[in-house]
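Q: Could we go through this structure together, setting each value against the rule that gives it its name?

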Amino acid sequence: MVMHEISGSSLNDTPSGERVHIAFFGLRNAGKSSLVNAVTGQELSVVSDVKGTTTDPVRKAMELLPLGPVVIIDTPGLDDEGALGELRVKRALNVLSNCDVAVLVHDSTSEFTQAEIDLVNIFQSRKLPYVVAYNKSDLLNDIPNDDNVYVSAVTGFNVNVLKEKIASLAKKNVSEKRLVSDLLSKGDVVILVVPIDKAAPKGRLILPQQQTIRDILDSGCNAFVCQEDELAHVLDTLKVKPKLVITDSQVFGKVDAIVPKDILLTSFSILFARYKGDLNTLVNGSEKLSCLNDGDKVLISEGCTHHRQCGDIGTEKMPAWIRAFSHSNPEFRFTSGGEFPDSESLKEYALVVHCGGCMLNEQEMKSRLERANLAGVPIVNYGIAIAEMHGILRRSLEPFNIL
């Protein structure tokens, strides 16, 4: 058994997908960027008297007390003008899909505009926690005695009050779901089968593996890490029968043949499907794999961006597996990172195949599932698709009791 080195920072740093995403919205010159800087205590955003200085969403991962690890997002003004301005506004509104808490920065010396009212209505329709920050309160003769949060980015007035409000909203909206530890009891043994992925930097494990190991250790359980060729030896060596084996999806079939049927087996990708999305929706989407036709359009989408290499799972292995399993020749298209079509654009596809989503937060993953649902297009993730195509989906779902 090979012991793989895991750098301390990789396990202790909070991934972007696990951070609370806080987005600031507002009209141009409402003092939005100035307030972002005041809240973060950093020069995160460029501040200018010229309208429209913020041209694209600006993101910064940081620690924000009293909340902890967050991603702060400063967006372009909602009243940006012209064709380019419309594009900027669209990009600002796209941020809503991965936002956990929204802050509308309003110039307290002016009346609410229709754009601001419309945005509040969107917050409410999406059940998105939000707060309206009445900025420039230092320019008011009297500050109203009501429940609204009046602040000043210039003087720092009530900035801490705003931070406390954001923290309270975030804590209410943070999911209490666990990645794997809710399936375990203290002292359980878990084997993680980790092929050395070409996409992972030398000396490190990829993010899903890191997070799973950390959750196992935090629950007082024991994690053994090996490659697929070492698995049989590890099983023979252990004196205690493992409660669970978790494998990389790409070697699912090989691992299934080695692991005895009385030991639970699943994959990292399936764990993330349950953790960040809707496992039942993705399982239902796998049914489409067997009834694809020649020329059907299939979207393969990954939440991260990485350099494509020979044997890449998304652009090479997955299309080959799907062609062989469906006995058809679909047309494949690919997106990565923040790219993902809206519900109208998705209607041209027969199926969406998504990665595990480890780099996306829960809000973004659920937004993508919702867009597929609105388009009436089935969606499945890598792990579930691979398990289905290898005939082991039922076994890989046994830990979750959903079949």
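A: Strands (E, at least two residues) and helices (H or I, at least four) are DSSP runs, numbered from the N terminus, and two strands pair if DSSP finds at least two bridges between them. The model is a predicted one, in which local features need pLDDT of at least 70 and side-chain atom pairs count only at pLDDT 80 or more, while totals for chains, interfaces and linings use all residues. Residues are numbered from 1 along each chain as its sequence is written, and side-chain values use heavy atoms, with hydrogens and water left out.

Q: How do you know that strand 1 and strand 3 are paired?
A: Five bridges join strand 1 (residues 20-26) to strand 3 (residues 68-74), and the rule asks for at least two, so the two strands count as a pair. They run parallel, and alanine 23 stands opposite isoleucine 73 in strand 3.

Q: What makes strand 2 and strand 6 edge strands?
A: The open sheet has six strands in the order 2-3-1-4-5-6, with mixed pairing. Strand 2 (58-64) and strand 6 (149-150) each have a single partner strand, so one side of each is left without a neighbour in the sheet.

Q: Why is the contact between lysine 243 and aspartate 188 called a salt bridge?
A: A salt bridge is a side-chain nitrogen of Lys or Arg within 4 Å of a carboxyl oxygen of Asp or Glu. Here the N to O distance is 3.6 Å, so the pair meets the rule. The two residues are 55 residues apart, with lysine 243 in the loop between helix 7 (231-237) and strand 9 (244-247), and aspartate 188 in the loop between helix 5 (159-173) and strand 7 (189-193).

Q: What makes glutamate 348 and lysine 297 a salt bridge?
A: Their closest N and O atoms are 2.9 Å apart. Glutamate 348 lies in the loop between helix 12 (343-346) and strand 13 (351-354) and lysine 297 in strand 11 (residues 297-302), so the pair ties together parts that are 51 residues apart in sequence. Glutamate 348 is partly exposed at 38%, and lysine 297 is partly exposed at 24%. Salt bridges that share partners join Lys297, Glu331, Arg333 and Glu348 into one network.

Conventions. Buried means under 20% relative accessible area, exposed over 50%, partly exposed in between (1.4 Å probe, protein chains only).
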